[in-house]
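Open the structure in your viewer and keep the selection tool ready. Each stop below says what to select and what is there.

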Amino acid sequence: MKRVFCSSNLKVGFAGAFFLSIALSLISCTSKKNNLANELRIASANLKGLDPVATGDETSSNVIALLYDTLFQYQYLKRPLTIEPNLADGMPQVSKDGLVHTIKIKKGIFFSDDASFSGGKGRELVSQDFVYSWKRLCDPRLASEGFWLFDGKVEGLDDWRKAVQKDGKNFDAPVPGFQTPDSSTIVIKLSRPFYQLHNILAMVYTAPVPKEAVDKYGKEMVNHAVGTGPFRLESWTRNSQISLVKNPHYHGVYPSVGDTGDAEKGRLAMAGQKIPFVDRLIFYEIVEDQPIWLKFLKGDTDITAIPKDNFDAAIKNKDVAPDLAAKGVKLDRAPGYDLTYTSFNMLDPLFKNNVNLRYAVAQAQDTKTTIEKFQNGRGIEAQSIIPPELESYDPNFKNARLEFKVEKAKEYLAIAGYPGGKGLPELEYMVTNSSTARQGAELFQTDLGRLGIKVKISAVSWPQFLERLRDRKFQVTGAAWVADYPDAENFLALLYSKNASPGPNNSNFSNPEFDKLFEQAARTPPGPARNALYQKMRDISAEQLPIIPSTHREGYSLYHGWVTNYKANSVIVDRFKYVQIDVPKRTQLKEKL
Amino acid sequence: MIPILLGVTLITFLLFNVVGGDPALQAAGRYATPEQVQLVKAELGLDRGLPAQYLFFVKQIVSFDFGRSWSTKQTISKMIMDGVGASLSLTIPAFFLTVFLSISIALLIAYFRGTFVDRAIFVICLAAISLSSLVYILYMQYYFSFQLGLFPISGWSPDWLERWEYLTLPIFIFVSISLGGSVIFYRTIFMDEIFQDYVRTARAKGLSHTAVLFKHILRNALIPIITIVVIEMPALILGSLLLESYFGIPGLGGMIFQALQSADFPVIKAMTFISAFLYMIFQLISDVLYVVVDPKVQLK
């Protein structure tokens, strides 16, 4: 009898476990997401924060741009990218010498309601909000990564920074270069001509933030959003999801001017309509590729980038794979406005005085393989430092020294004084210790191995990498530069000697002629004359090769058939405000998924 | 314990403030000028001497105020408090379900020791532990969530009741990953006990196999069971990196992973100390529990 009783205990135990599992499964019955909601759902990397001056990463900027607004923006559909007023009431008036920019701002724009305002109601945006926000961007105590936007360009800014550094109370002192004659006018006085000013005023770093909110939240501004943007913050569960709701009072309208093919793709159907179109925008913060991809395939997200491992399944012959196309999935391709390159440290005597050695390395590099293996074919071989889609880009420009020709590389190596690599010390290629960076370094090692050049890969942590760049203690490294704004100046600055480390000119290239042209271009208004100067600088860089341009990457995004008006562009960070969801079509198409 | 704790703080401090690269360079950003780096150093207290920096670190620990993350600018204490609930809501039920199931299965095997059932379960367990945990995650997420649509692919809800929808599959995977090893572990413990003299005596007195198993063997096996359960606790609090990352659970595992990826030293430093502290605390708890379950053990 006792044995039977104890066996029952065992049975009870197992039955308990079984029913527990069943119960959990029942609880977990996947609730059907409300497909009738007019929501746009996107997978995103983890957000760092929501304060425009405290976060500089792309993911955070994509969200901040929807919560805050900037003076200027890029026309959504038109290419090449063209700047247009956003919070500004028209384009600025610029003095003849290019030093004074007068900007009128739109009236009747209000900040979102927030407890920091009297009565919790958002107040009207005024010109002083911009000046306050820009001073915050330049406040040395905040050490914003975006300070470079105004660094060395605004009258009296350096003195103001020194005073603030000495005593924080000096923050309220005026900056001579930022003036507000009235509540709807801003006057910016530059210390030197800077024709990219309007571009930087389209960047989220410069978005107006109300002083009341900063006073109330202080450093906690990273968790609050009090802007004038198309959406307002509804909720944010850090590392999980952020939900934004439509700002019903948003001033923006959908563009009426498009580029070739936009009308045919239905992108002009909503011309002149008030935006945003969706009631809610949800960013799911997901770090792994598989859930990103599966969520898209299931229709739980509407638009996605293509994870590297899923590229072959998603794209066939540079178009959507037939099985996905049958489900209504569409592809959008957009230039990355970027450059990947190999950088020599031009302070190293080995490279500084031996252009033929640099040529040899350039012609040994198998860029096609790089594009195929590391970018899934999503890129083109760079011919110069200037990427396509920029006004001064010349599609006919070819640099023969960037062609992958091993025999030619060997010839240059011999001219450089190292035939067959003999006598050349082992080169050190510095990379961060990520697996992708190491693989890239191994390809470089293989490429140069064909010439008899030995390469030692030095994998270091990110802080060590920065430290060695800053201290100019490296020989060769790989790098990438993504445009802050669509102007070749942003790329050519990589070779301007005054930007040498710790600035972005990590190759520490110094060429008086290049510098002279760079400074001349800075004084020249946009147009053919400035483009000609850019091209002269391009030619110097192509001749000298302090950096070896490798690729210009291309962005591929997929979106479901129920998404309309989507046009990808990495520079237009507030692009989701234009997107529309066809809710009945979503319900219909989701059944096929 | 206090000397060990001080030793832990000292080693953590040396690792991050002395041996590694200059943290201010990382915090100041890639293109910061030397002046900006100097400002950041002052802000982080890195311009002071090492003894002063160490005292500052100890003060941070005592006040549970580790400053702000360099990467997210969030208060680290808040990040920890936010993450610990999410991690525990995954790991605690998963762990105790694993313990319950594995002890039950191990007792079953002990009951049927030497038979086909014993061998079959043992082989299955061996096969289960030979698979990488990533394989479980990738395939189970693909089949159960995507193909069969039984669970959400990933997601989270701050609401305790709603979050079970998102937690069920990760818990199931956690149990699947852990079960094989646990069953073999507990089986070994029970097998060790089963051949002890007291078991033979109990049987000689006429007790049934089942009664011996539950009343004697299970009780005597409690010490190793407590050891493994208590020692696992810090790991449970620190979360499950892979499961959290794949299922979008905003726990401490994912937070630590991101901190490592972005070289977010203040977060890494805080978590290194907290991990060491938790291991010490739970080691102490397990010692105290030994006294409770085994009268032969005494604290001195």
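Start with B:F64, which at 35% relative accessibility counts as partly exposed (between 20% and 50% relative accessible area; buried is under 20% and exposed over 50%, with a 1.4 Å probe and protein chains only). B:F64 is not a glycine, yet its phi is positive, about 50°. Look for B:F64 in the loop between α4 (50-62) and α5 (76-111) of chain B. Helices (H or I, at least four residues) and strands (E, at least two) are DSSP runs, numbered from the N terminus.

A word on the ground rules. This is a predicted model, where local features need pLDDT of at least 70 and side-chain atom pairs count only at pLDDT 80 or more, while totals for chains, interfaces and linings use all residues. Residues are numbered from 1 along each chain as its sequence is written, chains are lettered from A and ligands numbered from 1 in the order in which they are written, and side-chain values use heavy atoms, with hydrogens and water left out.

Next, select A:N239, in the loop between β8 and β9 of chain A. Its phi is also positive, near 65°, and A:N239 is not a glycine. A:N239 is buried, at 14% relative accessible area.

Stay in chain A for two cis peptide bonds. One runs from A:I275 to A:P276, with omega near 0°; A:P276 sits in the loop between β9 and β10. Another joins A:S501 to A:P502, with omega near 10°. A:P502 lies in the loop between α16 (489-492) and α17 (512-522).

Now select α2 of chain A, residues 58-67. Nine of its ten residues are buried, so the helix is largely enclosed by the rest of the structure. Its cover includes β1 (39-44), β8, β9 (241-246) and β10 (280-285) of chain A.

Then show A:L71. Leaving aside neighbours within four places in sequence, its contacts (heavy atoms within 4.5 Å) include A:I103, A:F130, A:W134 and A:L201.

Finish between the chains. Which side chains meet in a salt bridge? Select A:E220 and B:R68, 3.0 Å apart, N to O (the rule: a side-chain nitrogen of Lys or Arg within 4 Å of a carboxyl oxygen of Asp or Glu). The count between chain A and chain B is one. On the side of chain A that touches chain B, α1(A) gives the most, with twelve residues. In total, the contact takes 59 residues from chain A and 60 from chain B.
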